[in-house]
Amino acid sequence: MSWMVDRPLNQFALPRGWAGRLAGWVMARTNGTEVAEVLGVLGPVRGLAVLEVGFGPGLLCKALTRADAVVTGVDPSAVMLRQARRRAPAARLRLGSAAETGGANGEFELVVSMNNLPMWPDLDAALDELHRVIRPGGRLVLAWHGGTEPTAMARGMLLPDTATERVLAELRARFARAELAKTAHCEIFAADR
Ligand SMILES: C[S@@+](CC[C@H](N)C(=O)[O-])C[C@H]1O[C@@H](n2cnc3c(N)ncnc32)[C@H](O)[C@@H]1O
């Protein structure tokens, strides 16, 4: 269950067992465009302490380490942890979740999450935790399917307006500034600590 979805999470939302491995394989082959768009929004990350939340098969982790960020990642799926460790061996990856990152206060300059915001069980607990681990002056970037040219698959997963408004309101309650932007295929919430 999540703060948005009133039914058990599927294999893409919380991969488990052989079907979860297959879901990771599919995501690794279909999410490259979104990874590139998220990287474009992040800008230069060289030397930054970055936490990725919900790394899945590890495409964004790999891109961040290649761009010389110092990458830590958390994901609750053991199947995804194995796949991402193979794909991004330079990242420090562990089991965890948006609400329980295991990070120290102000440890990260940038926290980024791609395609898992609606899967978090408790939005408030997650945003409290991510605010805690971002140092003052740091940034939170949360990406989800959509954008100005959503794919046919993404059109079935768009955030309802009520959810978008809630995320923005909860971000503005915690962060100095928060806004929603769109790339071609992503909705991007960005907040400054
Ligand atoms: C649809 S996949 C996206 C994976 C990857 N970010 C991508 O875009 O290719 C969702 C991921 O979020 C993870 N996830 C589920 N619940 C989570 C939570 N509460 N906190 C952090 N990640 C979570 C899942 O294990 C899964 O790896």
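Residues are numbered from 1 along each chain as its sequence is written, and side-chain values use heavy atoms, with hydrogens and water left out. Because the model is predicted, local features need pLDDT of at least 70 and side-chain atom pairs count only at pLDDT 80 or more, whereas totals for chains, interfaces and linings use all residues.

The ligand has 22 residues around it, of which Asn-31, Gly-54, Asp-75, Ala-98 and Met-114 come nearest (a residue is near a molecule if one of its heavy atoms lies within 4 Å of it). This shell divides into 14 nonpolar, 7 polar and 1 charged residues; Ala, Val, Leu, Ile, Met, Phe, Trp, Tyr, Cys and Pro count as nonpolar, Asp, Glu, Lys and Arg as charged, and the others, Gly among them, as polar. A polar side-chain atom of Asn-31 is 2.8 Å from an oxygen atom of the ligand. Nitrogen atoms of the ligand lie 2.8 Å from a polar backbone atom of Gly-54 and 3.0 Å from a backbone N or O atom of Ala-98. On its own the ligand has 590 Å² of accessible area, and the protein covers 96% of this (Shrake-Rupley method, 1.4 Å probe; for residues, only the protein chains shown count as cover).

On the surface, Trp-18, Leu-22 and Trp-25 form a nonpolar patch with about 410 Å² of accessible area together. Such patches are made of residues with over 30% relative accessible area and no salt bridge, with nonpolar side chains (Val, Leu, Ile, Met, Phe, Trp, Tyr) joined within 5 Å and like charges within 9 Å. Leu-22 belongs to helix α1, residues 17-30 (helices, H or I, of at least four residues and strands, E, of at least two are DSSP runs, numbered from the N terminus). Its relative accessible area of 46% makes Leu-22 partly exposed, the class between buried (under 20%) and exposed (over 50%), with a 1.4 Å probe and protein chains only.

The structure holds 12 salt bridges, each a side-chain nitrogen of Lys or Arg within 4 Å of a carboxyl oxygen of Asp or Glu. In one of them, the closest N and O atoms of Arg-135 and Glu-109 are 3.8 Å apart. Arg-135 lies in strand β5 (residues 134-145) and Glu-109 in strand β4 (residues 108-114), so this pair ties together parts 26 residues apart in sequence.

Asp-124, Asp-128, Arg-166, Glu-170 and Arg-174 are linked in a network of salt bridges. Within it, the closest N and O atoms are 3.4 Å apart for Glu-170 and Arg-166 and 3.1 Å apart for Arg-174 and Glu-170. Arg-174 and Glu-170 are both buried, while Arg-166 is partly exposed at 31% relative accessibility.

Key. Polar contact = N/O pair within 3.5 Å; in protein donor to acceptor, adjacent residues only side chain to side chain.
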